[in-house]
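Thanks for coming. Please keep the sequence and the model open while I talk.

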Amino acid sequence: MRFIMILIPKGYESAAPDALPSAEAAAKMMEYNVSLQKAGVLLALDGLLPPSAGARISYCDGKVTVTDGPFAEAKEAVGGYWIIQVRSREEAIEWFKRAPMSNNDIIEVRQIFEMADFPEDVQKTAEGFEHRNVLA
Amino acid sequence: MSDVAKTIEAVWKIESTRLIAAIARVTHDIGIAEELAQDALVTALEAWPDEGIPDNPGAWLMKAAKRRAIDSLRRGRMLVQKHEEIARGLEWQQQRLGDALERSLDQVIDDDVLRLIFTACHPVLAVEGRIALTLRLIGALTTAEIARAFLVPEKTLGQRISRAKKTLSEAHVPFETPSGDELRRRVESVLMVVYLIFNEGYTATSGDEWMRAALSEEALRLGRMLGQLLPGESEVHALVALMELQASRNAARRGKNGEAVLLPDQDRSLWDYARIQRGMTALEQAQRLGGGAKPYALQAAIAACHMRARTAEETDWDRIVLLYDALLQINPSPIVALNRAVAIGMVQGPAAGLDALDAAATLAGDSALAGYHLFPSVRGDLLMKMGRLSEAREEIQRAIAMTKNLREQELLANRLKQLE
């Protein structure tokens, strides 16, 4: 089963658009990433620029509104993610307990849907859906 | 299972391989190393429900294993020391073993894990022993889980593992990473074990569905692990590519009633494109390392040809024939020749396919493969395309009689119906 681990760093909701991790923090994170890789469980990972460099598109009564970041009302923001393949929810949690986090950081662990988890009628809607772009 | 027990199980799955590898560096015997690690696990199962999970569970387990090792030595259960060392006295040995385990604990190195894999897949062992030991020591599967996956009684599987450990011990197999020509031979054995584990999960048609999927996933994880441990070995990446590409078709391989769906008839939207992407990346890596013409790379390249085709009709059969030609040169097996005949049939027409199939059957000769149901099955297909329907029917009937697999029988029976 696949899990996504969503990293929510403390204060990232108000970080400057060009905020970057320190070399020390990056080195610790890289060490952790390598440990996931060496255990063969890591499928993908990425870091995200702060919300101040992003935008929100909201949909209301058929109207689409674009708001540039940062978002004053946001209490937290996603800073990055890992996707791992493991054998149980507990194993996912154990891996993520080992992540090098700072004080008050949060990691949210969520299981990823597999097509087989859906009922047949839902699976049917995916018929013909092919993201061929991956095969460039 | 309680939450703590589940957590302990998860910790074990994450930590045990490195733990066993680190102990084996000191004991030079993976059987003893596993026993000590298991003892440590038992200690954890007793202590953690009350004390809570320690901050560094790996280090905790290693300390517990060290205490057990010294206890065992005191009771004379561990006979890993050389004669001259025994002469120096028990106390000295205990001190030395304790120090060595302490150091080992501080620096579990990747080489230890690699040595563990090479030892578990040692050619001195029967293939089934290698598979069981690998799943047990590197996959951290329980004996019961492995038994369930392979549909054998737990007792049989347990004996298989003890026998393998005993063989390694008696043959004095060193705990080391081989080098030179020996390395190539040993890497081959490791990859074979991984691919057999994958195939057990991928192709078996009976048994526990969940456990079989877990086997394929475990083989893929082992492949990715090896990709990190042996980054320069192109065939490691090629095998990962082959497994990812095959596994990407999983959801499309069964119809609504569990019947087998062959590649040309599969709904390609059910293929897992994230897996295909990973497979393609691994294949490129193998090719970049100069291993494009090696067996797993060629098989992965053939799979990639299928995956790149938007529809079955768009399949680049010309290229597939070339790849099979190359594969047949290095691996002149009847199965490769059979698959090549199918490809030839697609490119040059059924008559040429039939000629190629005859050559494949000659290659099979009187071997067990002569009784392989795909020979008459493919022959029947080619004859059907040539309009020789009564001969085609005979061949399909022969194929039905030759397979014990119910799903294959169904598939062939449907083909027979089309011919009526």
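A residue is called buried here if 20 or more other C-beta atoms lie within 10 Å of its own, exposed if 12 or fewer, and partly exposed in between, with C-beta atoms placed from the backbone. On that count, buried residues make up 18% of the 136 residues in chain A.

Some ground rules. This is a predicted model, in which local features need pLDDT of at least 70 and side-chain atom pairs count only at pLDDT 80 or more, while totals for chains, interfaces and linings use all residues. Residues are numbered from 1 along each chain as its sequence is written, and chains are lettered from A and ligands numbered from 1 in the order in which they are written.

Chain A has 3 helices and 6 strands, taken as DSSP runs numbered from the N terminus (helices H or I, at least four residues; strands E, at least two). Read from the N terminus, the order is β-α-β-β-β-β-α-β-α. For contacts, two residues count if their C-beta atoms, placed from the backbone, lie within 7 Å. Of the contacts in chain A with a separation of 6 or more, 74% are between residues 24 or more positions apart.

Now confidence, as pLDDT, the predictor's own score for each residue from 0 to 100. Chain A has a mean of 86, and 87% of its residues reach 70 or more. Strand β5 of chain A (residues 80-85) is highest at 96, and helix α3 of chain A (residues 120-125) is lowest, with a mean of 68. Over residues 131-136 of chain A the pLDDT is below 50, and that stretch has 7 contacts in the model beyond near neighbours in sequence.

Next, helix α2 of chain A. Which residues of α2(A) are buried? They are A:E90, A:E91, A:A92, A:E94, A:W95 and A:F96. Their cover includes β1 (2-8), α1 (23-38), β5 and β6 of chain A, together with α1 (3-27) of chain B.

The loop between α2 (89-97) and β6 (106-111) of chain A holds A:P100. A:P100 is partly exposed because it has 13 C-beta neighbours inside 10 Å. Leaving out residues up to four places away in sequence, A:P100 touches A:K28, A:M29 and A:Y32. A:P100 and A:Y32 are 68 residues apart in sequence, yet 7.1 Å apart in space, C-alpha to C-alpha.

The loop between α2 and β6 of chain A also contains A:N104. A:N104 is not a glycine, and its phi is positive, near 70°. With 9 C-beta neighbours inside 10 Å, A:N104 is exposed.

A:P70 sits in the loop between β4 (63-68) and β5 of chain A. The peptide bond from A:G69 to A:P70 is cis, with omega near 0°.

Last, the helix pair in chain B. Helix α17 (residues 350-364) and helix α18 (residues 374-385) of chain B pack at about 160°, with axes 9 Å apart; axes are lines fitted to C-alpha atoms, for helices over the stretch in contact, and angles run from 0 to 180 degrees between N-to-C directions. So α17(B) is roughly antiparallel to α18(B), the class for angles over 145 degrees. From α17(B), B:P350, B:G353, B:L354, B:L357 and B:A361 meet B:F375, B:V378, B:R379, B:L382 and B:K385 of α18(B).

Definitions and conventions
Parallel < 35°, antiparallel > 145°, perpendicular 65-115°, else oblique.
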